[in-house]
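Here's a quick walk through some strand pairings and charged pairs. Have the model open as you read.

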Amino acid sequence: MWLEQKINYQLNKFPIIKVYIKRIYQLAMYAISPKIKSEGNIVRISPNESREYFFGYYDKSPWDASMRYMICMRAKDTWSNPDPKEEADILLIDTDTNVKASDGFMFVSGVKVKKIATTRTWNVQQGCMAQWLGPDFSSRIVYNDMRDGRYCSVIYELATGKEHILPMPVYTVSQNAKIALSLDFSRLHNLRLGYGYAKLPEITQGIPLPNTAAIWKMDIETGIVTELLKYTDLANFEPRVEMQEKGSVHKVNHLMISPNGKRFMMLYRWFCGQRKYTRLITCNIDGTDMYVLSDDDMVSHCYWKNDEEIIAFENKKDGGPGYYLMKDKTREYQHLWPQLSNDGHPSYCPVDNSLVVIDSYPDRARMAEVKLVNDTEPKGKNLRVIAKVFAPFKYDNDTRCDLHPRWRQDGKSICFDAVFELSLIHISEPTRPISIS
């Protein structure tokens with residue numbers, strides 16, 4: 001596997017060639033591999049029909065506070081275009097099968113669902129950022145949409161059906177629902193397919209380093225928007241030689257507010273031709289006190305363990321690829337689970353702040369895994385694979401379906417998106433491992 005990683009890193013310099021070589025290799029490996037559809041204690045929770053049901057990213061939970069209702073999206077096609085222009089439905093799923101359908105819910109293939117909204121701004125990786133709003137996480141949801149020719153976010157009140165329109169789309173929302181952060185979804189669409197929105201043209205298109213806002217802060221109660229940081233602010237902060245190269249292209253992605261709402265993290269990326277560099281930066285919620293937490297060129301999916309620690313997959317120059325637990329505003333870090341040297345989406349259990357769920361990308365047999373591991377055992381001796389699912393070739397590259405596992409609030413269940421049955425999948429009893437041959 002280490003040889004595959006080294007080849008993959010080299011092929012990243014030649015993305016078009018990489019696509020063809022990767023597909024030929026996968027087809028060859030799949031041809032000689034056992035054919036498995038799924039393994040583990042997996043239960044479908046979305047209807048079994050032709051339309052596709054999914055939620056979105058790994059840093060949000062689809063469950064409300066009662067853990068009875070779940071948000072999901074429904075679309076006709078998630079494999080043709082990573083940033084579709086077609087509309088998609090936002091639904092509630094009632095997981096209580098002992099109660100008859102009422103209050104607008106209807107049975108679809110035996111599952112109680114209720115359409116509550118439609119969105120015109122979504123992508124295959126992060127959906128429309130639909131999420132329950134705090135502090136109660138039960139009476140309101142927020143999602144991104146397009147109204148009056150502009151991207152926006154919509155707060156929907158479940159009891160009344162009333163909408164409150166906010167002037168910016170949300171990327172991350174504080175747990176007390178006071179503050180949201182946003183970025184340029186049109187620039188993301190042009191620079192990273194599957195993470196932006198395609199409806200509106202990018203006003204910074206063709207400008208490698210715009211002297212314009214990269215991150216905005218929005219007061220959810222008043223709708224007041226403040227420009228927080230510019231691309232040039234990030235490029236001029238502890239600058240590196242590669243940032244100054246002529247024509248280097250800069251962007252921001254993956255904002256996440258800390259649990260107490262005082263700081264946030266971001267991935268600041270710039271491209272010099274085919275070379276990609278990434279910094280993990282933390283910052284006060286008002287844009288002050290920036291700190292470069294990781295500057296080893298490659299850092300990917302991150303998650304706040306608490307208000308002071310962040311777990312991230314990265315390729316450290318002195319430790320190689322893997323998961324690292326870092327302390328904010330310090331150089332302190334710990335390399336966890338050295339056998340996990342491939343990227344995934346980590347998140348901490350809400351009731352056990354040492355238990356982590358991680359997924360994997362499809363392996364040579366097109367099988368993706370969901371794993372549980374504890375950071376109190378940094379060697380990973382207690383690592384358990386709790387599910388394996390097949391990823392069809394139809395869903396790959398920019399229109400792949402990442403599993404994006406997410407915890408239920410009581411820590412007893414995990415849900416993830418999968419396409420081996422075109423549905424949202426639920427895992428009960430996550431502590432139960434499966435046998436892997």
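Leu-280 has its bridge partner in β19, namely Ser-294. That contact belongs to the pairing of β18 (residues 275-284) with β19, two antiparallel strands joined by three bridges. Strands here are DSSP runs of E, at least two residues long, numbered from the N terminus (helices would be H or I, at least four residues), and two strands pair if DSSP finds at least two bridges between them. Keep in mind that this is a predicted model, where local features need pLDDT of at least 70 and side-chain atom pairs count only at pLDDT 80 or more, while totals for chains, interfaces and linings use all residues. Residues are numbered from 1 along each chain as its sequence is written, and side-chain values use heavy atoms, with hydrogens and water left out.

Zooming out, β18 and β19 sit in an open sheet of four strands, ordered β16-β17-β18-β19 and paired antiparallel. The edges are β16 (249-257) and β19 (291-294); each has a single partner strand, so one side of each has no neighbour in the sheet. From one strand to the next, the twist averages 30° (axes are lines fitted to C-alpha atoms, for helices over the stretch in contact, and angles run from 0 to 180 degrees between N-to-C directions).

Tyr-323 has Leu-336 as its bridge partner in β23.

On to the charges. How many salt bridges does the structure hold? The count is 29, where a salt bridge means a side-chain nitrogen of Lys or Arg within 4 Å of a carboxyl oxygen of Asp or Glu. Some of them are listed here:

| Salt bridge | N to O distance |
|---|---|
| Lys-115 and Asp-89 | 3.2 Å |
| Asp-296 and Lys-316 | 3.1 Å |
| Arg-366 and Asp-396 | 3.7 Å |

Take Lys-115 and Asp-89, which form a salt bridge. Lys-115 is in strand β7 (residues 111-119) and Asp-89 in strand β5 (residues 88-94), so the pair links parts 26 residues apart in sequence. Lys-115 is partly exposed at 47% relative accessibility, whereas Asp-89 is buried at 15%. The cut-offs: buried is under 20% relative accessible area, exposed is over 50%, and partly exposed is in between (1.4 Å probe, protein chains only).

Asp-296 and Lys-316 also meet in a salt bridge. Asp-296 lies in the loop between β19 and β20 and Lys-316 in strand β21 (residues 309-316), so this pair ties together parts 20 residues apart in sequence. Asp-296 is buried at 16% relative accessibility, and Lys-316 is buried at 6%.

Then there's the salt bridge of Arg-366 with Asp-396. Arg-366 is in the loop between β25 (355-359) and β26 (367-374), and Asp-396 is in the loop between β27 (384-390) and β28 (406-407), so parts 30 residues apart in sequence are tied together. Arg-366 is buried at 1% relative accessibility, as is Asp-396 at 9%.

Finally, there's a network of salt bridges to look up: Glu-87, Arg-120, Asp-145, Arg-147 and Glu-163 are linked in it.
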